[in-house]
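I opened a new structure today and wanted to know how the chain is put together. These are my notes, in the order I looked things up.

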Amino acid sequence: MPLFGKKSKLAAIVHCKCPNCHEGDLFHDPNPYHLSRITDMPKRCPKCNMSYEPEPNFFYGAMYVSYAYTVAIFVATYIIASVWGGLGMWETIGCLFGSLLLLGPMVLRLSRSTYIHLVIPFGSRGDGK
Ligand SMILES: [Zn+2]
């Protein structure tokens, strides 16, 4: 399984595709900024029929992935705004909250996609369970 390329694990995570077949969509609505449907996911993959929730409350674990992404975004924003940009404390805090508001919906979906890809390897569940 290549790390990069159209069929790679990384591309499947970024494009929110099924961890088993890398073809089915993880979310009904591809746009994460339609906030009323941000967490709407099909019960099963439309291509390979793998369950997207293998156990109850499966995606609580994605909170830890979300935390890691948020810390990375905060560190990057801080470096850009404060260290390189030379902004003051309040301007930097404004940039941090702005980046969180702007990227929050994408972080939520990316963390769910990353988590399910970490737990379920490619091609592991062809039986639909
Ligand atoms: Zn699938």
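**The core.** I started with the largest nonpolar core, which has 10 residues: Cys-16, Cys-18, Leu-26, Cys-45, Met-50, Tyr-52, Ala-62, Val-65, Tyr-115 and Ile-116. Two elements, α2 (62–84) and α3 (89–119), each give two or more residues to this core. Such a core is a set of buried Ala, Val, Leu, Ile, Met, Phe, Trp, Tyr and Cys residues joined through C-beta atoms within 7 Å. Buried means that 20 or more other C-beta atoms lie within 10 Å of a residue's own, with C-beta atoms placed from the backbone (exposed is 12 or fewer, partly exposed is in between).

**Ground rules.** I'm working with a predicted model, where local features need pLDDT of at least 70, side-chain atom pairs count only at pLDDT 80 or more, and totals for chains, interfaces and linings use all residues. Residues are numbered from 1 along each chain as its sequence is written.

I then picked Cys-18 and asked what it touches, leaving aside neighbours within four places in sequence. The list is Glu-23, Gly-24, Leu-26, Cys-45, Lys-47, Cys-48 and Met-50. Contact here means C-beta atoms, placed from the backbone, within 7 Å.

**The whole chain.** I found 3 helices and 0 strands, in the pattern α-α-α. Helices (H or I, at least four residues) and strands (E, at least two) are DSSP runs, numbered from the N terminus. Of the 129 residues, 19% count as buried. The C-alpha atoms fill a box of roughly 55 × 35 × 20 Å along the principal axes.

**α2.** This helix has 23 residues and reaches 32 Å from first C-alpha to last, close to the expected 33 Å. The expected span is 1.5 Å times one less than the number of residues. Its buried residues are Ala-62, Val-65, Ser-66 and Ala-81, and they pack against α3. After α2 comes Gly-86, with a positive phi near 70 degrees.

**α3.** Where does α3 kink? I found the kink at Leu-103, shortly before the proline Pro-105, and it is about 55 degrees. That bend is the angle between axes fitted to the seven residues ending there and the seven starting there.

Note on methods. Contact = placed C-beta atoms within 7 Å.
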